[in-house]
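Work through the exercises below with the sequence and the coordinates at hand. Each task is followed by a solution in steps.

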Amino acid sequence: VGFVTGAQGNFLRTCEEEWATLMFFCDYQGPGGEGGGVEKLAIFGNKAGRTGAELKVMAAIETKIPGFFTKDCTDNVSPDDWGRDSLNLGNEELSFALGKDGSTRKKLARASGCILEYVGNTARG
């Protein structure tokens, strides 16, 4: 919970601001609680906001615990109008697709009209 909320809740507040959502942890047991180290995060807002905030949190967790979300991740294209696609990238591809300060990621998201975040070396959107 601590590394997701950030110092004084800054990370969650930033996600809420960026994606126009309201986020908080449910049933937080505190350090050493019964949750086995996994807590439920409630995200309220419209579908796009919830999706963007969730992917941003997933990326933060994956940074701290590599493989948490990407261990068994394969390339996937969803047939649904509102689906989630994933594409595993090599280190060089990720560096190019991310760009300086995430500028290329933001341009790709804007140009495609999609939500795009990198969870580890996996592009998700």
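**Exercise 1.** In which loop is L116 found? Then decide whether L116 is buried or exposed, and list its contacts beyond four places in sequence.

Solution. The model is a predicted one.
- Step 1: L116 sits in the loop that runs between α5 (103-112) and β4 (117-119).
- Step 2: The relative accessibility of L116 is 15%, so L116 counts as buried; the cut-off for buried is under 20%.
- Step 3: With neighbours within four places set aside, L116 is in contact with R105, L108, A109, A123, R124 and G125.
- Step 4: K56 is 60 residues from L116 along the chain, and their C-alpha atoms are 9.3 Å apart.

**Exercise 2.** Describe the setting of R124 and find the nearest side chain of opposite charge.

Solution.
- Step 1: R124 belongs to strand β5 (residues 122-124).
- Step 2: R124 is buried but has no salt bridge. The nearest side chain of opposite charge is that of E62, 6.9 Å away, and a salt bridge requires atoms within 4 Å.
- Step 3: The R124 side chain does reach the backbone oxygen of F69, at 3.3 Å.
- Step 4: Residues touched by R124 include L55, M58, F69, C73, D85 and L116.

**Exercise 3.** Which residues lie nearest the centre of the largest pocket, and which element supplies the largest share of its lining?

Solution.
- Step 1: The volume of the largest pocket is about 450 Å³.
- Step 2: Its lining has 23 residues; D85, C114, I115, R124 and G125 lie nearest the centre.
- Step 3: α3 (47-64), α5 and β5 each give at least two lining residues. The largest share, three residues, is from α5.

Notes:
Residues numbered from 1 in each chain as written. Predicted model: local features only at pLDDT ≥ 70, side-chain atom pairs only at ≥ 80, totals over all residues. Heavy atoms only, no water. Helix = DSSP H or I, 4+ residues; strand = E, 2+ residues; numbered from the N terminus. Buried < 20%, exposed > 50% of the residue type's maximum accessible area, 1.4 Å probe, protein only. Lys, Arg positive; Asp, Glu negative; His and termini not counted. Polar contact = N/O pair within 3.5 Å; in protein donor to acceptor, adjacent residues only side chain to side chain. Contact = heavy atoms within 4.5 Å. 1 Å grid on protein atoms, 1.4 Å probe; cavity = no way out; pocket = protein on both sides within 12 Å on 5 of 7 lines; lining within 4 Å. Points joined across faces, edges and corners; volume = space filled by probe spheres on them.
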